[in-house]
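Please have the sequence and the structure at hand while reading.

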Amino acid sequence: MGTTNKLDHFPGKITPYVITCWLLAACGGLMFGYDIGISGGVTGMDDFLKEFFPKVYQRKQHAHENNYCKFDNQYLQLFTSSLYLSALVSSFLASKVCSLKGRKPTILISAVFFLVGSAFSALSQRLWMVIIGRVFMGVGVGFGNEAVPLFLSEIAPMQHRGAVNILFQLLVTVGILTANLVNFATLRLHPIGWRISLGLAIIPAVLLLIGGIIITETPTSLIERDRIDEGRKVLRKIRGVDEVEAELQQIREACDQAKLVKHPYKELRKKQSVPPLVIGILMQVFQQMTGINAVMFYAPILFQTVGFKSNGSLLSAVIIGLVNVFSTLVSVYGVDKFGRRILLLQACVQMFVSQTAIGIILILKLTDTNTLPKGAAVLVVILTCLFVMSFAWSWGPLGWLIPSETFPIETRTAGFAFAVSSNMMFTFLIAQAFLSMLCHMRAYIFLFFSGWIVVMGFFVVFILPETKGVPIDAVADRVWKKHPVWKRFFNEDPKQENGA
Ligand SMILES: OC[C@H]1O[C@](O)(CO)[C@@H](O)[C@@H]1O
């Protein structure tokens, strides 16, 4: 632990150049969000269903007794989920490219795959072509989600890292909202509305491509690869000052320490890695088990299921998208003021109440002929907004922030890759299973998610330590070693410390 621990006061300002780099790279978040938001609307569009899923279209036309099952089709779910499966696999490859070649090339690869994939899926004539397009886009998402959050925080001055990390999630929510708006507009454009929706993903991809060409490589990545002089030059440029030796030194020490560990993935198997690994993975798994993506992917379908017309359901999705963006802004302010645990716990209560209430209303009020009384329908939309609101200022951004600040430098990128892939894995599972679960569990599915939220509440109370205000490299000493559950993993016995 001989590192410089004067972590937060290096000279430097937020220069216009850094802001430009942030904005361009953050298009990676926009791209990811656009995709999350676009697929649900497209799956609900008649022209799309007629072309690729005529049976689902027929079922939809003749809404009958079992309305909950009208969208239950494995291939329809595969349309949404295939992207996350390929993102899951590619995020491990991306973590290698990211450390061996740098953040910039990883971002460029991401943009190219996304660009090709979105053009391909928009122009498809067959279902398999759409799916291949989605798989390409998934590689883009896997590479982007690995490199962009790292890039954003590595070029940020230390004291702004938390807020900048949330910028990624904020752009994800802006992407989702944009997609909801696009779907709302293209619904009326027969028969190619869905093609326009899918094709417009090209815009964030092109922006990211331009960004990938313009942005600088990060100083950490250059120094990690022994390109010290270039690292110094970049640091001067992004900080807007000449005096950067102290920060350069600190990055060098951190990189040297990381290099002592030859195999970060092996290091993750050691006892001391258990606490951050468990926390990093569970934060992401729980983020998905709130049921957020059941709403984000399938809100338009969900609202159609409970009796809204196409138009009304897409409009509701737009409202939810707006709530999502504005509530994420709250966390930028709240995360360092109230702390992580308070935000997460408050959200557990609000999410539990709203999910349970939605479930009960649907169980009691949704008739077999697929009608929900007007008042109940409005209440369901309001409750969905309350649910999304609390998710957006807590588990949404903190699902990324906490894993990025709990690992020590030696295992940070490897540990983060596990967190990213757990997110993709559970996003995939929800995308693939939700419509079938809806068919079999009906409105009880909401109670299923509320059950998970109770488990998450216990997790926060008993297991999750507070990391507010703790410098990133002091987490082991100040947090883990003092925590009643986790301190036993930090044995004082030197043999154990060395991993013997
Ligand atoms: O804003 C909601 C979105 O945020 C994420 O949880 C990513 O952090 C997505 O999985 C979800 O769709």
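A cavity, as the word is used here, is a set of grid points, laid over the protein atoms alone, where a 1.4 Å probe fits but cannot get out, and its volume is the space filled by probe spheres set on those points. Rolling a probe the size of a water molecule over the atoms shows where empty space is left. The model discussed below is a predicted one.

**The largest cavity**

The structure holds four cavities of 30 Å³ or more, and in the largest cavity there is about 170 Å³ of space. This largest cavity is lined by 16 residues, of which I36, Q169, V172, Q287 and N293 are the closest to its centre. At least two lining residues each come from α1 (16-43), α7, α14, α15 and α20 (412-441), with α7 giving the largest share, four residues. Sorted by class, the lining of the largest cavity consists of eight nonpolar and eight polar residues, with no charged ones.

**The ligand and its shell**

Where does the ligand sit? The ligand is found in the largest cavity, and the residues that surround this ligand are I36, Q169, T173, I176, Q287, Q288, N293, M296, N324, F391, G396 and W400. Four helices, α7 (161-186), α14 (274-289), α15 (292-305) and α19 (395-406), each supply at least two residues of this shell, and the largest share, three residues, belongs to α7. The shell around the ligand has five nonpolar and seven polar residues, while charged residues are absent from it.

| Side chain | Distance to an oxygen atom of the ligand |
|---|---|
| Q169 | 2.8 Å |
| Q288 | 3.0 Å |
| N324 | 3.0 Å |

Taken alone, the ligand exposes 320 Å², and the protein buries 100% of that area.

**Two details of the backbone**

Two loops of the model also deserve a look. In the loop between α7 and α8 (193-199) lies P191, and the peptide bond that joins H190 and P191 is cis, with omega at about -5°.

Methods:
Residues numbered from 1 in each chain as written. Predicted model: local features only at pLDDT ≥ 70, side-chain atom pairs only at ≥ 80, totals over all residues. Heavy atoms only, no water. Near = heavy atom within 4 Å. Polar contact = N/O pair within 3.5 Å; in protein donor to acceptor, adjacent residues only side chain to side chain. Areas by Shrake-Rupley, 256 points an atom, 1.4 Å probe, with all protein chains shown as cover. 1 Å grid on protein atoms, 1.4 Å probe; cavity = no way out; pocket = protein on both sides within 12 Å on 5 of 7 lines; lining within 4 Å. Sits in = over half its atoms within 2 Å of the grid points. Nonpolar A, V, L, I, M, F, W, Y, C, P; charged D, E, K, R; others polar.
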